[in-house]
Amino acid sequence: MHQCVLFVLQATPVHTLASGVGYGQGVVWEIVLTFSLLFTVYATMVDPKKGALAGLGPTLVGFVVGANILAGGAYSAASMNPARSFGPALVAGNWTDHWVYWVGPLIGGGLAGYIYETFFIDRSHVPLPRDEEN
């Protein structure tokens, strides 16, 4: 039993930057990948006026995740989510390059939310009148 647990701890793959990929490049990869993922989430699931995209959100987000993994997986492991990198690092005890997987996604996600909310979502609804008697 003890050998089995040891094998699991040693075999847990962690997210690390590829050989020859610097910290700056890794952070930029994670920013771009997370931005594209969150922007797609906003456009297909959050935006109340999504039009013809209604109902296709999960499928389109899945396609973007797949495309992001194909594009950035070889360079930065295409984490796009700090929790996705934290779990394996915790189990394996290997924190190599781990800060990249917090900084990049937090910046990319924040940018996607800010840009979509600022430039694309129309929040021109009129508040309902209040009952002034109370």
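A salt bridge is taken here as a side-chain nitrogen of Lys or Arg within 4 Å of a carboxyl oxygen of Asp or Glu. The model is a predicted one, in which local features need pLDDT of at least 70 and side-chain atom pairs count only at pLDDT 80 or more, while totals for chains, interfaces and linings use all residues. Residues are numbered from 1 along each chain as its sequence is written, and side-chain values use heavy atoms, with hydrogens and water left out.

## The salt bridge

The structure holds one salt bridge, in which the side chains of aspartate 122 and lysine 49 meet at 3.3 Å, N to O. This pair joins distant parts of the chain, with aspartate 122 in the segment after α5 and lysine 49 in the loop between α2 and α3, 73 residues apart. Helices here are DSSP runs (H or I, at least four residues), as strands are (E, at least two), and both are numbered from the N terminus.

For burial, the cut-offs are under 20% relative accessible area for buried, over 50% for exposed, and partly exposed in between, with a 1.4 Å probe and protein chains only. Lysine 49 is exposed because its relative accessible area is 55%, whereas aspartate 122, with a relative accessible area of 41%, is partly exposed. The loop that holds lysine 49 also contains glycine 55, which is exposed because its relative accessible area is 69%.

## Nonpolar cores

A nonpolar core is a set of buried Ala, Val, Leu, Ile, Met, Phe, Trp, Tyr and Cys residues joined through side-chain atoms within 4.5 Å. The largest such core has six residues, namely Leu17, Val21, Val27, Ile31, Val100 and Tyr101, and α2 (23–46) and α5 each supply at least two residues of this core. Apart from it lies another core, of five residues, including Leu33, Val61, Ala78 and Met80. In soluble globular proteins, nonpolar side chains tend to be buried together.

Contact means heavy atoms within 4.5 Å. Not counting residues up to four places away in sequence, tyrosine 101 touches His15, Thr16, Leu17, Glu30, Ser76, Ala77, Ser79, Asn81, Pro82 and Ser85. Threonine 34, in helix α2, is buried because its relative accessible area is 2%, and, with its neighbours within four places in sequence left aside, threonine 34 is in contact with Met80, Pro105, Gly108 and Gly109.

Serine 76 belongs to helix α3 (residues 57–76) and counts as buried because its relative accessibility is 0%. The side chain of serine 76 makes a polar contact with the side chain of glutamate 30 at 2.7 Å. A polar contact is a pair of N or O atoms within 3.5 Å; within protein, one must be able to donate a hydrogen and the other to accept it, and residues adjacent in sequence count only if both atoms are side-chain atoms. Beyond its neighbours within four places in sequence, serine 76 is in contact with Thr16, Leu17, Gly26, Trp29, Glu30, Leu33 and Tyr101.

In the loop between α3 and α4, alanine 77 has a phi near 75°, a positive value in a residue other than glycine, and alanine 78 likewise has a positive phi, near 50°. Alanine 77 is partly exposed because its relative accessible area is 25%, while alanine 78, at 6%, is buried. Serine 79 lies in this loop as well and counts as buried because its relative accessibility is 6%. The side chain of serine 79 reaches the backbone oxygen of asparagine 81 at 2.9 Å, and, leaving aside neighbours within four places in sequence, the contacts of serine 79 are with His15, Glu30, Arg84, Ser85 and Tyr101.

## The nonpolar surface patch

Tyr23, Phe86, Leu90, Trp95, Trp99, Trp102, Val103, Leu106, Ile107 and Leu111 make a nonpolar surface patch of about 960 Å². Patches are made of residues with over 30% relative accessible area and no salt bridge, like charges being joined within 9 Å and nonpolar side chains (Val, Leu, Ile, Met, Phe, Trp, Tyr) within 5 Å. The accessible areas come from the Shrake-Rupley method with a 1.4 Å probe, and for residues only the protein chains shown count as cover.

Both α4 (82–92) and α5 (100–119) supply at least two residues of the patch, and α5 gives the largest share, five residues. Leucine 90 lies in helix α4.
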